[in-house]
Amino acid sequence: MTALPQTTAHLLATARYPAVFNTVLFAAALWQGGWLFILHGVLSAILLYLHIRIDFDRRLFTDFAGDRLSPSDFDRCRAELGLGHANSERSLQQRCTGALKLWRTLIYLSGIQLAVTTVQLVCF
């Protein structure tokens, strides 16, 4: 079953485009200044975290698809590193759904960032 993780990895790879968009919006907010920049700082920190998580997940799903890593081996290693519990009860489909939820959150927050930037540039 390599189609599911491979398709998920390909979709997660598109997060690089919102990353450029987020950077441009942050630069515009920095240039404009004002009190809304505080909101941009918070949004940018959250977006940075999401970009890091999504890129990590993309690499994982690429390894899952290429049979270089199994979800159970990943869970075991994650537990050994103290990064969470070994949760081998999650199916690959549940893992893909969780990763895509992060991707959707990134897209929604990018829309919010665009709205805040628009208000900042038009009104202030």
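Predicted model: local features only at pLDDT ≥ 70, side-chain atom pairs only at ≥ 80, totals over all residues.
**Figure 1**

**Figure 2. Packing of H3 against H5.** Helix H3 (36–65) and helix H5 (92–123) are shown here. The two helices, H3 and H5, pack at an angle of about 155°. Angles over 145 degrees count as roughly antiparallel, so H3 and H5 are roughly antiparallel to each other. Their axes lie 9 Å apart. H3 passes H5 in a left-handed crossing. What classes of residue make up the contact of H3 with H5? The contact has 20 nonpolar residues, along with eight polar and three charged ones.

**Figure 3. Packing of H1 against H3.** Helix H1 covers residues 3–13. H1 packs with H3 at an angle of about 150°. That makes H1 roughly antiparallel to H3. An 8 Å gap separates the axes of H1 and H3. Here too the handedness can be stated: H1 and H3 cross in a left-handed sense.

**Figure 4. The largest pocket and its lining.** The largest pocket holds about 340 Å³ of space. Its lining comprises 16 residues. Which residues lie nearest the centre of the largest pocket? They are Arg-53, Asp-57, Leu-60, Phe-74 and Arg-78. By class, the lining has nine nonpolar residues, six charged residues and one polar residue.

**Figure 5. Helices around the largest pocket.** H3, H4 and H5 each supply at least two residues of the lining. Which helix gives the largest share of the lining? H3 does, with six residues. H3 also packs against H5, with their axes 9 Å apart. H4, another contributor to the lining, spans residues 71–80.

**Figure 6. Confidence along the protein chain.** The mean pLDDT of the protein chain is 92. Of its residues, 97% reach 70 or more. Where is confidence lowest, and where is it highest? Helix H4 (residues 71–80) has the lowest mean, at 91. Helix H1 (residues 3–13) has the highest, at 96. H4 is also one of the helices supplying the lining of the largest pocket.

Key. Residues numbered from 1 in each chain as written. Heavy atoms only, no water. pLDDT = per-residue confidence, 0-100. Helix = DSSP H or I, 4+ residues; strand = E, 2+ residues; numbered from the N terminus. 1 Å grid on protein atoms, 1.4 Å probe; cavity = no way out; pocket = protein on both sides within 12 Å on 5 of 7 lines; lining within 4 Å. Points joined across faces, edges and corners; volume = space filled by probe spheres on them. Nonpolar A, V, L, I, M, F, W, Y, C, P; charged D, E, K, R; others polar. Axes fitted to C-alpha atoms, helices over the stretch in contact; angles between N-to-C directions. Parallel < 35°, antiparallel > 145°, perpendicular 65-115°, else oblique. Left-handed = near helix turned anticlockwise from the far one by under 90°.
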